[in-house]
Amino acid sequence: MTTHASTGRPRLSSFWHDLPREGRWLISTVLVQSIGTGLVLPFLVVYLHEVRGFPLETVGLLLAFQAVVGIVVVTPAGALIDRIGARLVYASALLALLVGDVVLALATTLPQAVLALLFFGYGFGVVWPASSSLIGSVVPSEQRQRYFGINFTLLNLGIGIGGIVGGRFVDVARPGTFVTIYLLDAASYLLPLAILLGPLRRAGGRAPASPDHDAGERVSYRRLLRDPRLRALLGLGAVAAIVSYPQLNVGMPAYARAEGHVSTEALGYAFAANTVVIVLLQLFVLQRIEGRRRTRVTVVMAATWAVAWALLGATSLVPGTVAATVLLCATAGVFGLGETMLQPTSAAMVNDLAPDHLRGRYNALSSLMFSLAFAGGPVVASFLVGRGLGWVYIGFLVGGCVLLAAMALRVERRIPPHVNGVREPDPLVAATTSTGTPPDRISG
């Protein structure tokens, strides 16, 4: 018996060896795909406004249109995943993103830009529930937490590399540079599409219904939401979403500029610090949280985020100074530490609770919580910061983190142990540990 099997906390070094063949194929594409995403992610507003000449108000409406499309399609996509399988829906999302990149690269008129954002809305709205459902179908439960964590590390590493390369390459005086990065992003989807249609062509198909499922009962989101365990996880995810990414992407820069008077260069340093912390610490954190209750990890995550937002608030005490820049970088870095706990646990809990034949709908509902937060979170941030209510905004974030911790402890009493990351001990290991003798030597 190997050491990692006997301890119940597998070594990360065993991850690739233990991963099923389909899981290896799936994770092998993440870095390439995320480098392409990083090439274009920081520059959409710059491209539409400064290169293609659309007014900023129009650009804002285009981005809102993309977000609305994503919200509208996510729940039908969840049902479609359960009907035809996650692989085909995931492939359709990647194809939509590829087409959207090509259309946007060549777009010179508003209708062309709208068409590109329509493809993006569908692609980004569907890609998360589809990919999570595919991961849930090909990666065993005991490996999902590590898979989601390492997947997140590769995602951030690729986006960081792509952002650096894109920042050094693009030039608003040379529109062709933007066309190039969008076409390169489109090309980055070719490898995962080839793998989905080739080596993984038999993976992620429609799952058979569980034996206790009444074949005559119509499956609907309303029926799923009768489950108090699912409602508890969705509520937890909704609060985590509100105090997390929308605030990092929108609220933190707005507050830092308005109250901390930091430079745009300092914002770049802060986002770099966030990426570095995730890439350096994710594997370490994965090893520390393996086998621990995911709800307790969520409590630690909430406390970490509360510290991050308090540090953001402190920038207003030393506005326009080097100290404000340092505090801002510390905010993003500490927040990144919390992210290393969110990504492995949240998706794993949803997929461990979901029956195989309903995995698409469960992941769609989870994704919807984050989509709604991305729509509403920036509104809260801009309203409070824009009206000079900076400390109210910080209080809102810290209070949200306290609520998140309290909800995690409440959720702990509602979800099954295996969903919470607590594994039943291996009978052979348990017998050996309690007697000091392997089971076949206990009797006789």
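Student: How many aromatic pairs does a search of the whole structure find?
Tutor: Keep in mind that this is a predicted model. Rings count as a pair if their centres lie within 6.5 Å. Searching the whole structure on that basis, the number of aromatic pairs comes to 8.

Student: Is the pair of tyrosine 245 and phenylalanine 335 stacked or edge-to-face?
Tutor: Their ring centres are 6.2 Å apart, and the planes make an angle of 80°. Planes over 60 degrees apart fall in one class, so this pair is edge-to-face.

Student: Which helices does that pair link?
Tutor: The two residues are 90 residues apart, so to speak in distant parts of the chain. Both tyrosine 245 and phenylalanine 335 are buried. Tyrosine 245 sits in helix H14 and phenylalanine 335 in helix H17, and the pair links H14 and H17.

Student: Is H6 parallel or oblique to H7?
Tutor: The two helices pack with their axes 7 Å apart, at an angle of about 135°. That angle makes H6 to H7 oblique.

Student: What kinds of residue make the contact of H6 with H7?
Tutor: H6 brings Leu80, Ile81 and Ile84, while H7 brings Ala86, Leu88 and Val89. None is polar and none is charged, which leaves 6 nonpolar.

Student: Where on helix H11 do its buried residues lie?
Tutor: The buried ones are Pro192, Leu193, Ile195 and Leu196. Down the axis of H11 they fall within an arc of 165°, so they line one face of the helix.

Note on methods: Residues are numbered from 1 along each chain as its sequence is written. This is a predicted model: local features need pLDDT of at least 70, side-chain atom pairs count only at pLDDT 80 or more; totals for chains, interfaces and linings use all residues. Side-chain values use heavy atoms; hydrogens and water are left out. Buried means under 20% relative accessible area, exposed over 50%, partly exposed in between (1.4 Å probe, protein chains only). Helices (H or I, at least four residues) and strands (E, at least two) are DSSP runs, numbered from the N terminus. The arc is that of the directions from the helix axis to the C-beta atoms. Axes are lines fitted to C-alpha atoms, for helices over the stretch in contact, and angles run from 0 to 180 degrees between N-to-C directions. Angles under 35 degrees count as roughly parallel, over 145 as roughly antiparallel, 65 to 115 as roughly perpendicular and the rest as oblique. Contact means heavy atoms within 4.5 Å. Ala, Val, Leu, Ile, Met, Phe, Trp, Tyr, Cys and Pro count as nonpolar, Asp, Glu, Lys and Arg as charged, and the others, Gly among them, as polar. Rings of Phe, Tyr and Trp (its six-membered ring) pair if their centres lie within 6.5 Å; planes under 30 degrees apart count as stacked, over 60 as edge-to-face and the rest as tilted.
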